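I set out to read this structure entry by entry, noting what I looked up and what I found.

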Amino acid sequence: MSKVLIIGAGGVGTVVAHKVAQVKDVFTDIMLASRTKSKCDAIAKAIGDSRIKTAAVDAENVPQLIELINSFKPDMVINVALPYQDLTIMDACLATKTSYLDTANYEPKEEAKFEYSWQWAYQEKFKQAGITAILGCGFDPGVTSVFTAYAAKHHFDEIQYLDIVDCNAGDHGKAFATNFNPEINIREVTQKGKYWENGKWVETQPHEIHKPLNYPGIGPKESYLIYHEELESLVKNFPTLKRARFWMTFGQEYLTHLRVIQNIGMARIDPVMYNGVEIVPIQFLKAVLPNPGDLGENYKGWTSIGCRIRGLKDGKEKTYYVYNNCSHEEAYKETGTQGVSYTTGVPAMIGAMMYLKGLWKKPGVFNVEEFDPDPFMEALNKHGLPWVEVHNGDLEL
Ligand code: NDP
């Protein structure tokens with residue numbers, strides 16, 4: 001018997017709800033809550049499982065969250081709302097002694113700043129309360145972090161060079177759309193690049209470093225070095241890393257739109273006055289862009305995300321590439337959402353399952369690479385995200 005409360009009814013929340021409903025022996029009671037209850041009701045109706053209850057909640061309001069948690073009494077809260085709500089949800093979990101899982105690190109609204117410091121500061125409090133927080137359990141961060149832990153555990157004595165490569169070779173037929181929440185996505189990809197080398201962070205201009213990389217089953221795609229949050233915890237948890245970088249593919253059309261959006265001020269995150277009303281341009285932009293949750297229907301092609309690693313095994317240098325390819329069309333058939341929501345929601349369900357089965361249960365605040373990767377890797381193969389390994393291939397990096 002275990003109960004989960006899912007907060008957030010966007011693309012990722014839709015996938016989490018589908019996936020937890022599929023694993024009936026682990027998840028016996030499910031509640032889906034979000035700002036707009038009608039979205040939760042529509043998801044529950046599409047899944048057609050009477051065990052899914054729904055509720056409205058403002059996840060920035062701690063007393064409201066506490067009331068909801070106390071009324072439903074979940075064993076774990078799966079937070080797939082927005083990164084702005086991480087801390088209020090963690091506060092409510094602390095107050096009710098409920099374990100917590102999320103897929104993205106906390107970000108203050110007024111500054112696009114990606115770091116774990118705010119959430120790591122809850123370590124002692126969670127430990128004392130005897131509850132677990134699992135941070136960053138989507139695909140990247142999430143599966144990429146588990147891939148790294150798995151490589152370090154099974155294939156290397158020392159991992160030294162890590163390149164996380166994230167390719168979306170899908171086509172949704174729109175001139176411009178983002179694959180997850182536009183506000184969060186645009187804040188992430190327009191910031192300066194940053195990577196870890198020889199014990200320090202090296203900063204680059206946005207999209208300054210790029211090169212074509214070959215993705216399995218897809219071919220070459222221009223890939224851009226950007227900063228991504230899992231780098232921070234991975235270099236801390238794997239101190240043998242001499243270099244850690246993150247690459248993401250972008251099409252020319254996407255980059256051109258992004259440049260225009262920035263140049264005309266629509267990516268601004270500070271409020272401006274318009275007709276006597278305060279609006280935040282990037283939030284207004286979100287309102288007119290396609291909803292990422294609705295892109296699935298005509299989305300064709302694949303995502304390919306993985307880790308390319310170089311290091312030492314038995315005194316010799318070796319390379320290792322582990323990746324998953326996910327079809328947007330298959331994701332849509334199963335859950336009604338596109339591949340990016342799917343690759344995020346499946347690992348969130350698996351992380352919750354790891355906790356509820358007692359496999360990833362320890363008091364405190366942890367990034368996913370701090371748990372045993374083996375049962376998680378096994379579950380990926382069973383629940384829709386199978387992975388492939390290449391030993392001693394050309395990493396191109
Ligand atoms: P969406 O914008 O589609 O959905 C967000 C949901 O959160 C919406 O249902 C929204 O409600 C709800 N929400 C927003 N504010 C509040 C609030 N104050 N109280 C209650 N509910 C609220 O986002 P996605 O589903 O695409 O992304 C969800 C999360 O997943 C994000 O944090 C994103 O960063 C993360 N992510 C992680 C990835 C990974 O690989 N680790 C990859 C992709 C995404 P409403 O509908 O009313 O606006």
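**Entry 1: the ligand.** I first looked up where the ligand sits. Domain 1 (3-135) and domain 2 (143-335 + 376-391) both give residues to the shell around the ligand, so the ligand lies between them. I note that the model is a predicted one. I found 34 residues surrounding the ligand, the closest being Gly10, Val12, Ala59, Gly138 and Phe180. The elements that give two or more residues to this shell are α1 (11-22) and α13. By kind, I recorded 15 nonpolar, 14 polar and 5 charged residues in the shell.

**Entry 2: the domains.** I then turned to the two domains themselves. The assignment for the protein chain gives domain 1 (3-135) and domain 2 (143-335 + 376-391). I read a separation of 23 Å between the C-alpha centres of domain 1 and domain 2. Their contact takes 14 residues from domain 1 and 14 residues from domain 2. On the side of domain 1 that touches domain 2, I noted 6 nonpolar, 5 polar and 3 charged residues.

**Entry 3: the core.** Which residues have the most contacts inside the largest nonpolar core? I found Ile7, Val16, Leu32, Ile78 and Ala352, in a core of 111 residues. Helix α13 (residues 339-356) gives the most to this core, with 10 residues. The core draws at least three residues from each of domain 1 (3-135) and domain 2 (143-335 + 376-391). As background, I recall that nonpolar side chains tend to be buried together in soluble globular proteins.

Leaving aside neighbours within four places in sequence, Leu32 is in contact with Ile6, Ala9, Gly13, Ala17, Cys40, Ile43, Ala44, Ile52 and Thr54.

**Entry 4: helix α7.** I compared the length of helix α7 (residues 143-154) with expectation. At 1.5 Å a residue, the 12 residues of α7 should span 16 Å, and the end C-alpha atoms are 16 Å apart, which agrees. I then asked how many of the 12 residues of α7 are buried. The count is 10, so I describe α7 as mostly covered. The buried residues are Val143, Thr144, Ser145, Val146, Phe147, Thr148, Ala149, Tyr150, Ala151 and Ala152.

In the loop between β6 (132-135) and α7, I came upon Pro141. The peptide bond from Asp140 to Pro141 is cis, with omega near 5°.

**Entry 5: Leu213.** I located Leu213 in strand β10 (residues 210-215). Is Leu213 buried or exposed? I counted 21 other C-beta atoms within 10 Å, so Leu213 is buried. Not counting residues up to four places away in sequence, Leu213 touches Val165, Pro220, Lys221, Ser223, Trp247 and Glu396. I also checked Leu213 against Gln85, 128 residues apart along the chain, and read a C-alpha separation of 35 Å.

Entry 6: Most residues other than glycine have a negative phi. Glu396 is placed in the segment after β18 (388-391). With 14 other C-beta atoms within 10 Å, Glu396 is partly exposed.

Asp314 is not a glycine either, and has a positive phi of about 50°. I found Asp314 in the loop between β15 (302-313) and β16 (316-327). Asp314 has 7 C-beta neighbours inside 10 Å and so counts as exposed.

Notes: Residues numbered from 1 in each chain as written. Predicted model: local features only at pLDDT ≥ 70, side-chain atom pairs only at ≥ 80, totals over all residues. Core = buried A, V, L, I, M, F, W, Y, C linked by C-beta atoms within 7 Å. Buried ≥ 20, exposed ≤ 12 C-beta atoms within 10 Å, placed from the backbone. Helix = DSSP H or I, 4+ residues; strand = E, 2+ residues; numbered from the N terminus. Domains from an automatic or database assignment. Contact = placed C-beta atoms within 7 Å. Near = placed C-beta within 6 Å. Nonpolar A, V, L, I, M, F, W, Y, C, P; charged D, E, K, R; others polar. Expected span 1.5 Å × (residues − 1).
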